[in-house]
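Here are a few exercises to work through with the model open in your viewer. Try each task before you read the solution.

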Protein chains: 2
Amino acid sequence: MANSPSGDSVLDRLVRILDAFDAGTPSLTVSALARRANVPRASAYRLVEELLRHGLLAREGGEVRLGLRLWELANRASSTLDLKRVAMPFMEDVNQVVRQNTQLAVLHDDEVLVLERLSRPGSVVNQASVAGRMPVHLTSMGLALLAFSPAPVLEGYLERHGDRMRSSHPDLRRELAHIRQTGYASLEGFIDTDTTGVAVPVLDRRGHALAVLAVVVPRGSDLLRPAVMALRTAARGISRGLGEMPPG
Amino acid sequence: MANSPSGDSVLDRLVRILDAFDAGTPSLTVSALARRANVPRASAYRLVEELLRHGLLAREGGEVRLGLRLWELANRASSTLDLKRVAMPFMEDVNQVVRQNTQLAVLHDDEVLVLERLSRPGSVVNQASVAGRMPVHLTSMGLALLAFSPAPVLEGYLERHGDRMRSSHPDLRRELAHIRQTGYASLEGFIDTDTTGVAVPVLDRRGHALAVLAVVVPRGSDLLRPAVMALRTAARGISRGLGEMPPG
């Protein structure tokens, strides 16, 4: 539909334009945006004008950034809304009790997508940011999500990424079985060497992960076991709040 | 660009398609979507296919809904992200102390756009939902935002909507002056007759509202004055967290 000579559609270009922004680059000049999105300059200028008119982009000084209208459209009927609404009070409970950053994430396109994050002043460094992505094999969240995925999802993932994971996880199947048995994943210092991630799945009635609830604690801390208890308690509450009673 | 015979562009249609979903209608069949978005069926089917391919829409049974990829693109570099990240711990504090639903909103397109909401089980009815819009003149949030808007924003608003507000607010200018003087807006039962909204602006260094922080309390409750204190304290914390020290 409406393809340019190069064969990509208006929508292809639109997605590349929106994708050019991220937490580290929240605003761009139109020419920088055109380069980053690999869209010809003239075409970028026309598309940006139209996006500004619809409020999907907004001007900020001489640059443009994502508009509030885009945020509104994407959030108003989002499939994440129910999950976040139900999870939030339980996340606050964990945040109050464990006193470390608390986050909620899902598996999406073979990566960990962070849906929500509650921060605490003074808690340890944490790389997760809302709507940010993290690698499955380097995070406790990813391993917990993988361990509690339906078999076809797990097998598909291993087929696509198993080789790449071999160095960090030489016996991944055994590791995942262990996570399924204990009900949580923890991973020491893969991303930040001073921290340990602890993650517990939010299960549906078939025992598959709808999401993962996690905290990051200081490495070697005696917080790990208590954090697992708090996370498991909260994760059960979220399942129940969603009308899903996990087995066991 | 890429206009159809009817003169609207791919982007016009895309925005109408995304706009067809809301919290009450999170999923639609493609034909219902085409009707609601006023897009010809054949064109809707083509556009939906492309949106599915990009993950901006997702299939759910025989219907489609907004995709996680759209949520990700819209949230990753959103201008609301900093505000929400800074505001969230303070919102939790208010939520813990006042024990009623707490919300954060901004003025957008002459309406109140709710950015975040923390709910409490057992708190009073509250119509606000995340990414939902509410009328300025029927909410304490709207009045607080208006009272602390820069003069051109306020005058523009009054020019466009002053007549419509006359019945509910016969002396709006005096009302807004009173809000500016006391530092908060409260409104009894305009939307739900059993509740009172209380709203306090989050101010920038020039004394203009960056956002509004609000709770909904039972009507006639003696919570109102304490809630104002809690909100003002939290709102100052948010301003400070954003590097804005409001005057006074």
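**Exercise 1. Work out how many residues of chain A and chain B are in contact, and how much area they bury.**

Start with the contacts, meaning heavy atoms within 4.5 Å: 54 residues of chain A touch 54 residues of chain B. A quick word on the ground rules: this is a predicted model, where local features need pLDDT of at least 70 and side-chain atom pairs count only at pLDDT 80 or more, while totals for chains, interfaces and linings use all residues. Residues are numbered from 1 along each chain as its sequence is written, chains are lettered from A and ligands numbered from 1 in the order written, and side-chain values use heavy atoms, with hydrogens and water left out.

Next comes the area. The size of an interface is often given as the accessible area lost when the parts come together. Here about 5,100 Å² is buried between chain A and chain B, with 64% of that from carbon and sulfur atoms (accessible area lost on being put together, 1.4 Å probe, summed over both parts).

**Exercise 2. Find the salt bridges between the chains, then say which element of chain A gives the most to the side that touches chain B.**

Step one: there are eight salt bridges between chain A and chain B (a side-chain nitrogen of Lys or Arg within 4 Å of a carboxyl oxygen of Asp or Glu). One of them pairs B:Arg76 with A:Asp19, with the closest N and O atoms 2.8 Å apart.

Step two: look at the elements, which are DSSP runs numbered from the N terminus (helices H or I, at least four residues; strands E, at least two). Those giving two or more residues to this side of chain A include helix 1 (10-19), helix 4 (68-76) and strand 5 (111-118). Helix 4 of chain A gives the most, with nine residues.

**Exercise 3. Trace the salt bridge of A:Arg133 and see which network it joins.**

First, the partner: A:Arg133 meets A:Glu111 at 3.0 Å, N to O. The two sit 22 residues apart, A:Arg133 in strand 6 (residues 133-135) and A:Glu111 in strand 5 of chain A.

Now check exposure (buried is under 20% relative accessible area, exposed over 50%, partly exposed in between; 1.4 Å probe, protein chains only). A:Arg133 is partly exposed at 26%, and A:Glu111 is partly exposed at 30%.

A:Asp204 is buried at 5%, whereas A:Arg206 is exposed at 59%.

Note on methods. Buried area = accessible area lost by both parts, 1.4 Å probe.
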